[in-house]
Amino acid sequence: MNPRIVVVGAGFGGTAAAAALLKAGFDDVVVLEKAPSIGGVWRDNTYPGCACDVPAPLYSYSFAPNPRWSRRFPSHDEILAYLRSTAAALGVASRVRVNAEVTSAVWSDGRWLVTTRDGLVVEADVLVPAVGQLGNPVLPPIPGDFAGPAVHTARWRADLPIDGARIGVIGTGASAIQLVPALAGRAAHITVFQRTPPWTIPRPDRRYGAGRRFAYGKMPALMKLPRAGVWAMTLVTGRALTGGRVASAFVRTVSRLQRRVQVRDAALRARVTPDEPMGCKRVLFTNRWLPALSRPDVSLVTEKILEKTPSGVRTADGTVHRCDLLIYATGFAATDFLAGMTVEGRDGRRLTDEWATGAYAHLGLAVPGFPNLFLMYGPNTNSGNTSVLYFLEHQAAYIVQAVQRLAAGGRPLEVRRSVAAAFDSEIQRRLADSVWTACRSWYRNAAGRIVTNWPGMASEYRRRVARLDPTDYEPSS
Ligand code: N01
């Protein structure tokens with residue numbers, strides 16, 4: 001049997017899955033992509049300053065090292081170009097159908113019927129949703145109306161008035177800390193509205209010279225060295241976020257020193273000092289955020305936002321902060337997995353019902369009642385300290401094993417409910433025992449569960465998904 005596999009989404013996740021399947025010899029792979037081009041979040045996010053906060057040697061596939069990176073932390077354009085050229089080189093690009101937004105997937109008579117918005121129906125033996133966790137921007141429900149243009153960072157437009165404008169930026173997460181330094185100096189004034197100060201550490205960026213690139217091109221094995229170096233760095237931050245006391249003290253000290261050196265004004269320093277445990281949100285690599293906040297043409301507002309007015313934003317102290325442009329750097333609906341897609345499994349059961357109190361999946365990959373469905377970057381597989389690509393590659397390898405079983409004549413693979421439930425309890429218990437308990441509520445879903453993050457080190461995840469255990473699946477499988 002040569003199973004047909006439908007992958008949904010042509011970002012880093014979909015490309016990793018399709019590439020691994022093609023490499024394993026499964027050539028009936030179709031990738032359905034809702035947008036007009038490959039790219040995922042790197043196609044959607046084009047705001048000034050957009051870049052990767054994971055060093056490129058690790059933010060690239062291990063099976064496709066890139067000798068052409070211009071620097072350790074390359075810009076958005078380079079990353080998108082890398083993804084697209086890799087997808088083309090590995091034969092994935094030619095399997096992608098663009099402008100094909102999947103609206104439903106129904107398990108029927110032992111196959112998935114996948115339907116797109118314009119009515120295309122594709123049959124598949126295996127369904128691999130790879131739509132990521134950061135595809136749906138969140139606009140917080142702030143009352144009132146602002147008369148000027150307003151935009152979310154993930155919906156950036158080239159025609160926005162920046163030069164000489166008064167700009168309000170809501171949010172101080174990974175997107176804002178890249179955006180604000182890139183706009184400072186161009187805008188007349190930037191007002192940054194902060195709810196929670198993020199943990200930051202210096203970004204050890206450096207250019208990669210022509211000699212280095214030439215050597216990498218000639219001897220690709222050399223690229224394993226910087227990859228190993230970055231990996232070692234993520235071990236420290238990973239330990240810091242998962243309860244390692246020494247690592248945590250080290251990273252906190254580095255962060256404190258950065259604030260000390262980069263923020264001379266003690267009052268401002270107090271306001272940018274994190275008051276949540278490290279790890280609730282991503283620890284952010286930046287050299288430019290704190291200096292940007294220290295500029296006279298940038299102000300940091302920590303008063304609660306009350307409402308929008310036609311001319312700006314009113315905060316709890318009554319001040320109206322005038323803006324010509326309002327930018328929401330307010331993140332994504334990361335807990336709403338597969339939003340916008342109706343997925344019906346065995347006996348007509350909907351995934352939204354299975355996930356009524358929050359998404360869960362065995363190893364982040366398989367959901368009971370949904371045979372032959374394997375998620376890329378599924379529930380509880382996000383990491384705040386390392387490269388998501390590391391997780392994606394190991395998920396893709398697991399999916400290849402599942403498809404090999406089917407190809408060898410196995411019955412549809414449906415994870416046992418007891419196995420998925422035990423995994424979920426373990427993950428929720430470990431998260432509850434971690435720093436996460438002290439994080440504020442908005443990191444959880446409506447039912448209070450943490451459904452995005454992996455509680456351990458990335459290497460543990462790799463070990464756990466390395467071998468598909470057939471006893472995890474229903475005996476009829
Ligand atoms: O979003 P976020 P992001 N009033 O959710 C604030 C990835 N990424 O787009 O912290 C006021 O981190 C909110 O405040 P608080 C990366 O995985 C990667 O920046 O909730 N403020 C926070 O400050 C990251 O984790 C790269 O108190 C409000 C901000 O908005 C993910 O994307 C680059 C508010 C949202 O921060 C999301 O990052 C960029 C309100 N009502 C992003 N509502 C790389 O370099 C929200 N906020 C790889």
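**Entry 1: the second largest cavity**

I looked up the second largest cavity and found about 50 Å³ of space in it. I keep in mind that this is a predicted model. Which residues line this cavity? I listed Pro 129, Ala 130, Val 131, Gly 132, Phe 337, Leu 338, Leu 375, Met 376, Tyr 377 and Gly 378. I sorted the lining by class and got eight nonpolar residues, two polar ones and no charged ones.

**Entry 2: Leu 338 and its phi angle**

I stayed with Leu 338, one of the residues in that lining. Leu 338 sits in the loop between strand 17 (325–328) and strand 18 (342–344). Is Leu 338 buried or exposed? Its relative accessible area is 8%, so I noted Leu 338 as buried. I then checked the backbone. The phi of Leu 338 is near 55°, which is a positive value in a residue other than glycine.

I turned to Leu 363. Its phi is positive too, at about 60°, and Leu 363 is not a glycine. I placed Leu 363 in the loop between helix 10 (351–354) and helix 11 (388–407). Leu 363 is buried, with 5% relative accessible area.

**Entry 3: the largest cavity**

I searched the whole structure for cavities of 30 Å³ or more and found four. The largest of them has a volume of about 100 Å³. Which residues come closest to its centre? Of the 14 lining residues, I wrote down Asp 53, Val 283, Phe 285, Gly 384 and Asn 385 as the closest.

By class, the lining of the largest cavity holds seven nonpolar, five polar and two charged residues. I also checked the domains. Domain 1 (5–136 + 333–475) and domain 2 (150–328) each supply at least three residues to this lining.

**Entry 4: aromatic rings**

I counted the aromatic pairs and reached 16. I picked out one of them, Phe 73 with Phe 285. The ring centres are 5.8 Å apart, and the planes make an angle of 45°, so the pair is tilted, between the limits of 30 and 60 degrees. Where do the two partners lie? Phe 73 is in the loop between helix 2 (41–44) and helix 3 (76–89), while Phe 285 is in strand 12 (residues 284–285). These parts are 212 residues apart in sequence, so the pair ties them together.

I checked both partners for burial. Phe 73 counts as buried at 2% relative accessibility. Phe 285 is buried as well, at 10%.

Then I looked at a charge and a ring. The charged end of Arg 430 sits over the ring of Trp 454, 5.9 Å from the ring centre.

I looked up Arg 155 in the loop between strand 8 (150–152) and strand 9 (166–170). Arg 155 is partly exposed, with 42% relative accessible area. From Arg 155 to Phe 73 there are 82 residues along the chain, and their C-alpha atoms are separated by 23 Å.

Last, I looked up Pro 475, in the segment after helix 13 (458–465). At 64% relative accessibility, Pro 475 counts as exposed, since the cut-off is over 50%. Pro 475 and Ala 447 are 28 residues apart in sequence, and I found them 32 Å apart in space, C-alpha to C-alpha.

How values were computed
Residues are numbered from 1 along each chain as its sequence is written. This is a predicted model: local features need pLDDT of at least 70, side-chain atom pairs count only at pLDDT 80 or more; totals for chains, interfaces and linings use all residues. Side-chain values use heavy atoms; hydrogens and water are left out. Rings of Phe, Tyr and Trp (its six-membered ring) pair if their centres lie within 6.5 Å; planes under 30 degrees apart count as stacked, over 60 as edge-to-face and the rest as tilted. Helices (H or I, at least four residues) and strands (E, at least two) are DSSP runs, numbered from the N terminus. Buried means under 20% relative accessible area, exposed over 50%, partly exposed in between (1.4 Å probe, protein chains only). A charge sits over a ring if NZ of Lys or CZ of Arg is within 6 Å of the ring centre and within 35 degrees of the ring normal. On a 1 Å grid over the protein atoms alone, a cavity is a set of points where a 1.4 Å probe fits but cannot get out, and a pocket is an open set with protein on both sides within 12 Å along at least five of seven lines; lining residues have an atom within 4 Å of a point. Grid points are joined across faces, edges and corners, and a volume is the space filled by probe spheres set on the points. Ala, Val, Leu, Ile, Met, Phe, Trp, Tyr, Cys and Pro count as nonpolar, Asp, Glu, Lys and Arg as charged, and the others, Gly among them, as polar. Domain bounds come from an automatic or database domain assignment.
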